[in-house]
Amino acid sequence: MMAQAERGFALVNRGHVDEGLALVDESSVAAVAGELEPGTAGGICCTTIGTCASLGEWRRAAEWTEAQDRWCKREGINGFPGMCRLYRSEIKQLRGQWLEAEAEARRASIELENFISAAAALALYRIGAIRLQRGDLEAAEEVLTQAHARGTKTEPAFSLLCLAQGRTEVAAASIRRALEDPPRTTSWDAPPDTPLMRMPLLRAQIEIALAAKDLATARAAVDELEALAGRFGSQAIGAGVASARGMFQLASGGAPVAEVALRTAVEAWTRLEAPHEAARAWMGLAQACAANDNADRAAVELRAAADTFEHLGALIDLSRARELLASLGDEGGGAPRHTDARQLKAFVFTDIVDSTKLGELLGDEAWGKLMRWHDQAVRSAVAEHGGEELKKIGDGFFLAFDDTDRAIEARSPSSAAWPSNVTPRVSPRQSGSASTPPRRRGSPRTIRARA
């Protein structure tokens, strides 16, 4: 069954999608039905979920993740949380749940650290990609550098980061190198130099080439992207091709055909519940409408994009959308629409160190009793210091405080309510704001405390 699942993964990466998915599905049915040893069953489920994720089949990946969770619960085992969290993080990122996605990826990096170090580094890459989408370039560069130091790939996020920083020539050289000389290190997603690995790189190359006004490179990348995508048939891959083709047609002076392609992309990304990708396609569609002398329609599309970017907290994209609205003479349309909801918060993520080992050591009854005490203790400390519980995630919490000082005081050694084996990570971030206030000299971006 394990060999069959791996063969299915290989077939999918070669473009034989239906044949490959049939094999991984059959293996996974045997795994979650309890026919296999837990270690083998978990490995098969991870292969299946990873195969679906590499195709952009996010709903299918989510369904298999839920099936694996039910199997783990039925068998009374802790499962394989690190890899599962990594896939969940990808799904949440696609759906615009970026804070939750980063929390899942951060916990995955911790859980995988002493289990699969290559996958732990991939979790760091996921965090960097999320921060890049939010427009937090300094934080994105910090974590992508960490991922690179751990030996994992950092493309296409690194090249797109260079583009966002205004280093267009560096971005173009970096993405070209990634395509011409792919890494030969261990991979936990699409193998090097396969279509599923090349397609995200090609989409990034198109974006960078268009920014550099290098239409020849953009044309070649669009042609290759379309040729590779035709071998798969995934909705997500098709939506990416429509976005890339539309933006190239727009830059080439073909606004009428660009409008058709970008409208198709908006509809496809919306069906996939991918708000950020849909909003970026909206912004391109607005530019096509403006080029076709339809300024009123362009303003409508741009307002939709700006509202989505503001809701997501995509600061760079939001700034660009407002600039385009201003160029259409719509000064008011780009103004913040939800000013009452824009606040500066200090976010805190807590996690119990070695919780899996502790749970196995103590047993279900004692562990459940300890967890109830833990939850009550954390909530008491949060309430005492004026914090807010945003979400309970597994054995950890996602919390918010009005300022960093309150967050640190809640965790300080003088606060006896915090259990000694809890490790919160305090990270000041601006939630949904269009601009980031200057940081005080010497103030930390991330403060880690361990009792």
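## Helix α6 and how the model is read

Let's begin with helix α6, whose buried residues are Trp-98, Ala-101, Glu-102, Ala-103, Glu-104, Ala-105, Arg-107, Ala-108, Ser-109 and Leu-112. Buried stands for under 20% relative accessible area, exposed for over 50%, and partly exposed for what lies in between, using a 1.4 Å probe and protein chains only. Helices here are DSSP runs of H or I with at least four residues, strands are E runs of at least two, and numbering starts at the N terminus.

The model is a predicted one, in which local features need pLDDT of at least 70 and side-chain atom pairs count only at pLDDT 80 or more, while totals for chains, interfaces and linings use all residues. Residues are numbered from 1 along each chain as its sequence is written, and side-chain values use heavy atoms, with hydrogens and water left out.

Helix α6 covers residues 98–112. The expected span of a helix is 1.5 Å times one less than its number of residues. For the 15 residues of α6 this gives 21 Å, which agrees with the 21 Å between its end C-alpha atoms.

Helix α7 has 18 residues and reaches 26 Å from its first C-alpha to its last, close to the 26 Å expected. This helix is mostly covered, with 16 of its 18 residues buried. Just after α7 comes Gly-135, which takes a positive phi of about 90°.

Which residue's side chain meets that of Glu-90 in a salt bridge? The partner is Arg-126, at 3.4 Å from N to O. The pair links distant parts of the chain: Glu-90 sits in helix α5 (residues 81–94) and Arg-126 in helix α7 (residues 117–134), 36 residues apart. Glu-90 is buried because its relative accessible area is 18%, and Arg-126 counts as buried at 15%.

## Salt bridges elsewhere

A salt bridge is counted when a side-chain nitrogen of Lys or Arg lies within 4 Å of a carboxyl oxygen of Asp or Glu. By this rule the count comes to 23 salt bridges. One of them joins the side chains of Arg-203 and Glu-277, 3.4 Å from N to O.

Another salt bridge stays within a single helix. Glu-259 and Arg-263 bring their closest N and O atoms to 3.1 Å. The two residues are 4 apart in helix α14 (residues 255–271), which means that about one helical turn separates them. Arg-263 is partly exposed, with a relative accessible area of 28%. A network of salt bridges links Glu-259, Arg-263, Arg-297 and Glu-301.

## Helix packing

Two helix pairs are worth a look in the viewer. Axes are lines fitted to C-alpha atoms, for helices over the stretch in contact, and angles run from 0 to 180 degrees between N-to-C directions. Angles under 35 degrees count as roughly parallel, over 145 as roughly antiparallel, 65 to 115 as roughly perpendicular, and the rest as oblique. A crossing is left-handed if the near helix is turned anticlockwise from the far one by less than a right angle, and right-handed if clockwise.

Helix α2 (residues 17–32) packs against helix α4 (residues 58–75) at about 20°, with axes 10 Å apart. These two helices are therefore roughly parallel, and α2 passes α4 in a left-handed crossing. Helix α10 (residues 168–180) and α11 pack at about 155°, again with axes 10 Å apart. Helices α10 and α11 are therefore roughly antiparallel, and their crossing is left-handed.

## Two loop residues

Ser-234 lies in the loop between α12 (215–229) and α13 (235–251), and is buried at 5% relative accessible area. From Ser-234 to Glu-57 the sequence separation is 177 residues, yet their C-alpha atoms are 6.8 Å apart.

Pro-156 is placed in the loop between α8 (137–149) and α9 (157–164), where its 14% relative accessibility makes it buried.

## Cysteines

How many disulfides does a search of the whole structure find? The search gives 0 disulfides, a disulfide being a pair of cysteine sulfur atoms within 2.5 Å. Cys-46 counts as buried at 13% relative accessibility, and Cys-289 is buried at 0%.
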